[in-house]
Amino acid sequence: MIEVHNIQKSFNGNPVLKGITCTFETGKCNLLLGGSGTGKSVLLQCIVGLMKPDLGSITFDGLVFTNNKVDIKQEIRRKIGMLFQGGALFDSMTVYENTEFPLKMLTPEMSKEERRDRVEFCLKRVGLENAGTKMPSEISGGMKKRVGIARAIAPNCTYLFCDEPNSGLDPATSIKIDELIYEITHEYGITTVVITHDMNSVVEIGDHIIYLHKGQKLWDGNKDEILNTTVPELKEFIFSSSLVRAAKKVDEETEGGLAAATSDEAYNI
Ligand SMILES: Nc1ncnc2c1ncn2[C@@H]1O[C@H](COP(=O)(O)OP(=O)(O)OP(=O)(O)O)[C@@H](O)[C@H]1O
């Protein structure tokens, strides 16, 4: 479990994170949900140590990350896998070499054969067992995300951070990437944190959802609870999504469920 306590961050006197306290649960897909500019990426960067918060603490399974010794920070960092928005693959390396890269960096004690077994296992797990010799320029956006996932899990990560894994993907590919992240999280008991503003992801993989608005946590809960939220800002966010608007249209002749949750009365408009 990752515990975030009272994280605050300002840029040039402008507060971006205004005291965020939340937990990311073990073996679950934890979504950081919110509109543009609400501080999701800044929070993620503070959690993984790419940015220093002004105040607050972050604990990984009882180990304090903030204000701690370099070796403890390194120990935590070694357990972190990152899936970046564009995949962030090395263009000059093959799919195989990209996946092998963190093993060479983080586990130099592994033999070449052990690395090969692990890379082959991870590529197979993401459905790319035949793509090892391809260059990033030769594969689709969805395949790049798959390579990114294989690379992130190759060193047996305990924590997986995904920054908008669906950006730039068509809806069908997005669902497949969401499913893959969900399956891997549950299979290996990884603590996964996914930044998203996609309601499709919320209903697909939202084991635990933290809603941020203007640098504050306004709500947390799961995908079954979110449609019943009474938080006005979250309601507005949900009902402005094209998914929910479309579902509302389909449901408008029926009673209960989404139709009731999205009724004008429930929405108070
Ligand atoms: N290094 C920085 N220096 C100054 N301001 C920054 C910096 N990084 C982020 N910000 C500001 O912090 C605010 C929150 O940005 P952040 O990228 O966390 O938003 P976000 O919720 O991830 O949005 P999006 O979904 O659009 O990526 C924005 O107003 C942004 O301009």
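Which residue in E7 is the bridge partner of Leu83?

## Basis of the model

This is a predicted model, in which local features need pLDDT of at least 70 and side-chain atom pairs count only at pLDDT 80 or more, while totals for chains, interfaces and linings use all residues. Residues are numbered from 1 along each chain as its sequence is written.

## The open sheet

The bridge partner of Leu83 in E7 is Cys162. E6 and strand E7 (residues 159–163) are joined by 4 bridges in the parallel sense; two strands pair if DSSP finds at least two bridges between them, and strands (E, at least two residues) and helices (H or I, at least four) are DSSP runs numbered from the N terminus.

Both strands belong to an open sheet of 6 strands with mixed pairing, ordered E6-E7-E8-E3-E9-E10. Because strand E6 (80–83) and strand E10 (216–221) each have a single partner strand, they stand at the edges, and one side of each is left without a neighbour in the sheet. On average, neighbouring strands of this sheet are turned by 20° against each other, direction ignored, where axes are lines fitted to C-alpha atoms, for helices over the stretch in contact, and angles run from 0 to 180 degrees between N-to-C directions.

Helix H5 (residues 141–153) lies across E6 and E7 and runs at about 170° to E6, with contact meaning that C-beta atoms, placed from the backbone, lie within 7 Å.

Strand E1 (residues 2–11) pairs with strand E4 (residues 55–60) in the antiparallel sense over 5 bridges, and Glu3 stands opposite Thr59 in E4.

E4 also runs antiparallel to strand E5 (residues 63–64), to which 2 bridges join it, with Leu63 in E5 as the bridge partner of Phe60. The hairpin of E4 and E5 has 2 residues between the strands, and Asp61 there takes a positive phi near 40°.

How values were computed: Contact = placed C-beta atoms within 7 Å.
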